[in-house]
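Here are my notes on the salt bridges, as numbered points. Please read them with the model open.

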Amino acid sequence: MTAAELQQATKALAAMFSCFPQSALADVEMQMRGYLASVQDAELADLQGAIQRFMRGEVKAGNAQFCPSSAQLCIEVRERRTIRELLARRAAGALAQSAGRTSGR
């Protein structure tokens, strides 16, 4: 992630934290570092999509009343990436198929 994307990721993670109850003993800065380290190679769009799904309660893994673990977040980010890649391949295939039909006329 670029520095600007890292800043956006930090803001998105902070928004996610605000949606879940926190223990008085929680070290939010350390949690943020852990999350950012676990998703440093992810695309920002995938991370934001995963965070939004957790905030909306759409992810069924774990306890929806608490902030997800780094592992849960990574799993959801990977799923967002897989879906994005599949949709891109599907669109590329449809485009190639469409181009083949127009050039064959």
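1. Arg-80 and Glu-76 join their side chains in a salt bridge, with N and O 3.0 Å apart. A salt bridge here is a side-chain nitrogen of Lys or Arg within 4 Å of a carboxyl oxygen of Asp or Glu. Side chains of opposite charge can pair when their charged atoms come close.

2. This is a predicted model: local features need pLDDT of at least 70, side-chain atom pairs count only at pLDDT 80 or more, and totals for chains, interfaces and linings use all residues. Residues are numbered from 1 along each chain as its sequence is written, and side-chain values use heavy atoms, with hydrogens and water left out.

3. Both Arg-80 and Glu-76 belong to helix H4, 4 residues apart, or about one turn of the helix. Helices (H or I, at least four residues) are DSSP runs, numbered from the N terminus. Arg-80 is buried at 19% relative accessibility, and Glu-76 is buried at 3%. Buried means under 20% relative accessible area, exposed over 50%, and partly exposed in between (1.4 Å probe, protein chains only).

4. Which residues are linked with this pair in a network of salt bridges? The network consists of Arg-53, Arg-56, Glu-58, Glu-76 and Arg-80. Within it, Arg-53 bridges to Glu-58 at 3.3 Å between the closest N and O atoms. Glu-58 is partly exposed, at 33% relative accessibility.

5. The whole structure has 7 salt bridges. One of them joins Arg-84 to Asp-46 (2.7 Å, N to O). Arg-84 lies in helix H4 (residues 70-103) and Asp-46 in helix H3 (residues 44-55), so the bridge ties together parts 38 residues apart in sequence. Arg-84 is partly exposed at 36% relative accessibility, whereas Asp-46 is buried at 3%.

Technical notes:
Helices (H or I, at least four residues) and strands (E, at least two) are DSSP runs, numbered from the N terminus.
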